[in-house]
Structure formats: C-alpha cells, structure tokens
Amino acid sequence: MKRWLRQRINAAYERVLSREISGAPTHVAVIQDGNRRYARGNGDNAHEGHRQGAKTTERVLEWCQDIGVEELTLYAFSTENFDRPEEENEALFDLLEEKLREFADADRVHDNDVHIRAIGEVERLPERVREAVDYAEARTSGYDQFVLNIALAYGGRSQLLEAVHGVAEDVDAGDVDPDEIDVETIENRLYDRPVRDVDLIIRTGGDERTSNFLPWHANGNEAAVFFCTPYWPEFSKTDFLRGIRTYEHREESWRRTRARRGLALLGAVSDTELVEARSVVERFRDSLPTAEQPSPEELAGSKPESVDGIDSSGQTAD
C-alpha cells in the first residue's frame, strides 16, 4: 500500500511540475553518478549498476526531446575512470560498445534525427569502443534536429590545456596574432565540431560538484546546476523536471538582474549610451515585479532623476 501511495504522489507531483514548466534549456549536460553505489546497495556488481543506468539514459533522451531540449551531453567515462579496476572498465567498455551500436540502429534515433557524437580523448579507448563510436557517428551524421554528445575519456581541464597549447604553437609559428586571440580561437581547438553553451548541468548521486565537466561551455555561460540525491539508475522524470525548473528560476533571476542593471544605466550613462540601456530594459522589463516596471513614457523620456538609489549623475542618492 505504501508503494502504491508513493507512486500516486509521484505521478501527481510530476503532473504539477509539467504544468509549471514554460520553457526548456537548449543544452543539458548530465553527470551520471551513482551507478556503482546503486549496484552495491542492491547486492550486485558494478556492471549491473551501469546497465541499469543505461536504461535511465534512454529515458532522459526521450524526456529531453519531449520538452524541446536541442542538445544533451552525457558524462559517460572520464579520464580519471581509467584508474578503476581493469575488469570493471572492461565490462563498461563492453556496455558502451553495445549501447552505441544499439542507439545508432534505434528507430527513435532516426525518427527524431538524433546526431550522435563523442567528445573527449576517444583515441585512448579500446579499439572496439572506437569502432562503435565511428559506427554511431557515421549512421547519424546527416541529422541535425537533436545532438547527443557522449563524453568518453573526457577531462575538462585537459581539453582546455590542449587548446591553449595549440594556440601557443600557432603563435610561435606565426599563424596567429596574439592580439587577435578571442573566444572563437579557443573554441575551435576544443572540439572538431561546435558544442552549444550549456544551460543546465544535472548531477545525480548526492555529490555537489561539477567534476571538471564542460568548464568552457558551462562556467562561461553561468549554467544553472541541479544536484539531486537519487543514484543515476533511480533518476526519475520528476527529478528531471525539478532540474528544468531550477534552470527556469535561474533564467528568471538573470532576466531581473539585467533589467535592473538597465534601469540603473538609464540614470548613470551618457546620452550616447541611452539607446542601448533602454533596449536592455525594454527586453527584460516583464521579468521585473510590477511595482518596478517603468512605464513607456519613463523609458522614452529623459534620464530619471533617481533609479534604484542612483541619481542622474551616476552618484548614489542619499
């Protein structure tokens, strides 16, 4: 009876969360933690935990597509994982090979135009896994509706370090002018193909850290982060929707901050910058509480005498 009641409550909560969500992040990145602990808790070996986790991965892919996410990145195997027992890694490599080929042939992947690709030091993986990666990428290379990145032999800092080394070598060779180095210069050396900025990182298993995952695309974009306690095989749609809600709350807060900064700028900047400041306020004004929203007349008129404690000269009001 208790299990039945719990299921009814979870189903009701899921419906409530679904109604509350009004938008979706473009790119979700997931740290799938807790497979081995889940297995130990059930008296199984690590391989069984990874196999159960693979089932969750399939469900999460469907949930992302259902709400309009365009890119999903899964932290499947880090560079640190090479230090785990060989027999455990060999079983995981077998599972990766199996699932990559299975995904590449799945009807739902082709029906939804899912482009599968691997990011990381794939060359460090066993040949059978590399061949499965090549097979999955080739089978889905023509699709562009949804991108599924699988991070294999991945380490965020090592990726950044490799990119910086590449830039330094090009500078030494005279191929790159140091004054022309910009964001695109680094991004072009991180991956062979572009990766969108990360909007939301989800980590299961209870640890509250992002473990060096996509630092350039997540930290640089001030991605929302959702930590939850269920192990990856236990991760439910309710947990997923709570993560999406965390992203929405972060977006709302970001929009309010931008609008308030725009209002302050109206009272602090020179006349030549007023157009840009008004543009910021007009874009994000609906995110402000009603009492803080300026009227169209206020936006069109001259600089206000005082906005949020800042007078028209840019000084803090008494």
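Mentor: Consider Glu 102 and Lys 99, which both lie in helix α4, 3 residues apart, about one turn of the helix. Helices (H or I, at least four residues) and strands (E, at least two) are DSSP runs, numbered from the N terminus. The model is predicted: local features need pLDDT of at least 70, side-chain atom pairs count only at pLDDT 80 or more, and totals for chains, interfaces and linings use all residues. Residues are numbered from 1 along each chain as its sequence is written, and side-chain values use heavy atoms, leaving out hydrogens and water.

Trainee: What does Glu 102 form with Lys 99?

Mentor: Side chains of opposite charge can pair when their charged atoms come close. Glu 102 forms a salt bridge with Lys 99, with the closest N and O atoms 3.3 Å apart; the term requires a side-chain nitrogen of Lys or Arg within 4 Å of a carboxyl oxygen of Asp or Glu.

Trainee: Does Lys 99 count as buried or exposed?

Mentor: Buried means under 20% relative accessible area, exposed over 50%, and partly exposed in between (1.4 Å probe, protein chains only). Lys 99 counts as buried because its relative accessibility is 17%, whereas Glu 102, at 32%, is partly exposed.

Trainee: Which side chain meets Glu 71 in a salt bridge?

Mentor: That of Arg 117, at 3.4 Å, N to O. Glu 71 lies in strand β2 (residues 71-78) and Arg 117 in strand β3 (residues 114-119), so the pair ties together parts 46 residues apart in sequence. Glu 71 is buried at 1% relative accessibility, and Arg 117 is buried at 5%.
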